[in-house]
Amino acid sequence: MNLTLILFIVLAAVAVASAAGLLVSRNTVYAALFLVLNFATVAVFYLLLGAPFIALAQVTIYAGAIMVLFLFVIMLLGSEKLPRGLVLPWQRPMAIVLAAVLLAEAGFLLFQRLRLTATLANPEASVNTTETLRTLGMTLFNQYLLPFEVTSVLLLVAMVGVIVLTKKEKGEQG
Amino acid sequence: MNQTIPLSYYLAISAVLFAMGTLGVLIRRNPLIIFMSVELMLNSANLAFVAFARSFGVLTGQIFVFFVMTVSAAEVAVGLALIVIIFRNKHSINIDLMNSLKG
């Protein structure tokens with residue numbers, strides 16, 4: 001039982017518990033904060049995996065930008081709590097059964113079919129952070145330059161689309 | 001401290017988070033929480049990507065995760081705008097009311 005494994009188990013417990021909190025919390029704001037906690041623990045997983053760039057991008061993009069947008073919309077719409085409408089009686093048990101089937105299927109595929117019992121490659125060679133970042137930047141801006149630029153166009157299209165969607169027509173009552 | 005965690009542990013936690021995201025999409029009736037569950041699923045897929053990238057010693061997985069993050073940021077912006085418009089039209093965001101394409 002080494003230190004890294006203890007850290008992993010604690011983080012996994014926090015991640016699963018915060019995902020469960022997202023599923024059961026009645027208040028949407030609490031659900032969003034649970035999701036922020038989940039993203040933060042996954043960021044620490046990335047650090048453990050030797051991916052500091054992805055970890056920091058996770059914190060700034062997901063836990064920062066995306067969740068702030070979520071909280072903003074939740075509070076804008078005032079939809080912290082929805083009234084309980086008519087509920088299909090079989091929906092919840094059916095959903096739990098389907099999710100359990102999905103989990104069993106994924107476990108079967110990963111651990112029976114693919115026999116993924118291998119440990120991570122060269123565990124002794126600790127990841128050189130500076131070198132990794134340098135290689136990542138070189139790969140991103142040389143080999144993957146076109147997808148990178150397409151991504152910027154995609155973000156522009158999304159931005160223009162959102163502005164067009166939410167713009168009020170002239171004379172329309174808001 | 002040098003000993004690392006097996007790849008299968010990361011894949012297991014990724015699969016569990018993905019299944020919980022699916023469960024959230026299926027059982028919740030608030031579209032915002034459904035959307036957050038979709039984010040949870042994307043995030044678990046990212047975790048599997050990074051774990052495989054570490055396992056095979058290549059950086060392509062991390063670059064793909066970067067692209068997934070930007071796409072999901074764009075997707076969240078558009079999706080939340082749609083939710084705002086639906087709220088403006090129906091004065092509620094209950095998922096049961098969204099049963100016709102014609103507003």
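Colleague: What should I know about the model and its numbering before I start?

Modeller: The model is predicted, and local features need pLDDT of at least 70, side-chain atom pairs count only at pLDDT 80 or more, while totals for chains, interfaces and linings use all residues. Residues are numbered from 1 along each chain as its sequence is written, and chains are lettered from A and ligands numbered from 1 in the order in which they are written.

Colleague: Which domains is chain A divided into?

Modeller: Domain bounds come from an automatic or database domain assignment. Here chain A is divided into domain 1 (1–80) and domain 2 (128–166). Taken over C-alpha atoms, the centres of these two domains of chain A are 23 Å apart.

Colleague: How do I read helix 1 of chain A, and which of its residues are buried?

Modeller: Start with length: the expected span is 1.5 Å times one less than the number of residues. Helix 1 of chain A, with 22 residues, reaches 32 Å from its first C-alpha to its last, close to the expected 32 Å. Then look at burial, which counts other C-beta atoms (placed from the backbone) within 10 Å of a residue's own: 20 or more is buried, 12 or fewer exposed, and in between partly exposed. In this helix, Phe8(A), Ala15(A), Ser18(A), Ala19(A), Leu22(A) and Leu23(A) are buried. They lie on the same side of helix 1 of chain A because they cover an arc of only 145 degrees around the axis, the arc being that of the directions from the helix axis to the C-beta atoms. Leu3(A), Ile6(A), Val10(A), Ala13(A) and Val24(A), on the other side of helix 1 of chain A, are exposed.

Colleague: What do those buried residues of helix 1 of chain A pack against?

Modeller: Their partners are helix 2 of chain A together with helix 1 (7–27) and helix 2 (31–56) of chain B.

Colleague: How many residues of each chain are in contact with the other?

Modeller: Two residues are in contact if their C-beta atoms, placed from the backbone, lie within 7 Å. By that rule, 74 residues of chain A touch 60 residues of chain B. On the chain A side, 55 are nonpolar, 17 polar and two charged. Nonpolar here covers Ala, Val, Leu, Ile, Met, Phe, Trp, Tyr, Cys and Pro; Asp, Glu, Lys and Arg are charged, and the others, Gly among them, are polar.

Colleague: And which residues have the most contacts inside the largest nonpolar core?

Modeller: In soluble globular proteins, nonpolar side chains tend to be buried together. A nonpolar core is a set of buried Ala, Val, Leu, Ile, Met, Phe, Trp, Tyr and Cys residues joined through C-beta atoms within 7 Å. The largest one has 57 residues, and Tyr46(A), Met36(B), Val50(B) and Ala51(B) have the most contacts inside it. Helix 2 of chain B gives the largest share of this core, twelve residues. Leaving aside neighbours within four places in sequence, Ala51(B) is in contact with Leu49(A), Leu7(B), Tyr10(B) and Leu11(B).

Colleague: Is Gln112(A) buried or exposed?

Modeller: Gln112(A), in helix 4 of chain A, counts as exposed because it has 9 C-beta neighbours inside 10 Å.

Definitions and conventions: Helix = DSSP H or I, 4+ residues; strand = E, 2+ residues; numbered from the N terminus.
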